[in-house]
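Dear colleague,

Please find below the structure that I am handing over to you. My findings follow directly after it.

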Amino acid sequence: MQIQKVFQAGNSQVVAIPKDMAREMGFKVGRKVVMEKTADGRGVVIKRADEGTQKPSKAKANEEFQSWLTQFMEENGEILDELALR
């Protein structure tokens, strides 16, 4: 365990990751990380963004949207047609 001090950098508050720990964890300058608050709200967990935390692919998002749109049109198509005629 290491104790680090929080310091100001511009408008942000920063905690430095010690060099040996950063190397061990694969953190490099510019690497994206995910920060999450612990359940008790007293801590922070920092993970590399490549550990299953990426956004869904565009193809998957398009598939989900298309499914939603199809269902929406089935349920509301008549109402939309009526509104379009006004």
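Along the sequence, the elements of the protein come in the order β-β-α-β-β-α, that is, two helices and four strands (DSSP runs numbered from the N terminus: H or I of at least four residues for helices, E of at least two for strands). The radius of gyration, taken over C-alpha atoms, is 23 Å, well over the 12 Å that the globule rule gives for 86 residues, so the protein is more spread out than a compact globule; the rule is 2.2 Å times the number of residues to the power 0.38. The C-alpha trace spans about 65 × 30 × 25 Å along its principal axes.

The model is predicted: local features need pLDDT of at least 70 and side-chain atom pairs count only at pLDDT 80 or more, whereas totals for chains, interfaces and linings use all residues. Residues are numbered from 1 along each chain as its sequence is written, and side-chain values use heavy atoms, with hydrogens and water left out.

Burial and contacts

Of the 86 residues, 8% are buried (under 20% relative accessible area; exposed is over 50% and partly exposed is in between, with a 1.4 Å probe and protein chains only). Among contacts with a separation of 6 or more, residues 24 or more positions apart account for 0%, a contact being heavy atoms within 4.5 Å. Ser12, in strand β2 (residues 12-14), is 29 residues from Gly41 in sequence and 19 Å from Gly41 in space, C-alpha to C-alpha.

Aromatic residues

The whole structure holds two aromatic pairs (ring centres of Phe, Tyr or the six-membered ring of Trp within 6.5 Å; planes under 30 degrees apart are stacked, over 60 edge-to-face, the rest tilted). Trp68 and Phe72 are stacked, at 5.2 Å centre to centre with 20° between the planes. Both belong to helix α2 (residues 58-85), four residues apart, about one turn of the helix. Trp68 is partly exposed at 47%, as is Phe72 at 29%. Ring pairs join Phe65, Trp68 and Phe72 in a cluster.

Nonpolar patch

Val33, Met35, Val44 and Ile46 form a nonpolar surface patch with about 360 Å² of accessible area together. Strands β3 (33-37) and β4 (44-48) each give two or more residues to the patch. Such patches take residues with over 30% relative accessible area and no salt bridge, joining nonpolar side chains (Val, Leu, Ile, Met, Phe, Trp, Tyr) within 5 Å and like charges within 9 Å; a salt bridge is a side-chain nitrogen of Lys or Arg within 4 Å of a carboxyl oxygen of Asp or Glu. Areas come from the Shrake-Rupley method with a 1.4 Å probe, and for residues only the protein chains shown count as cover.

Kind regards
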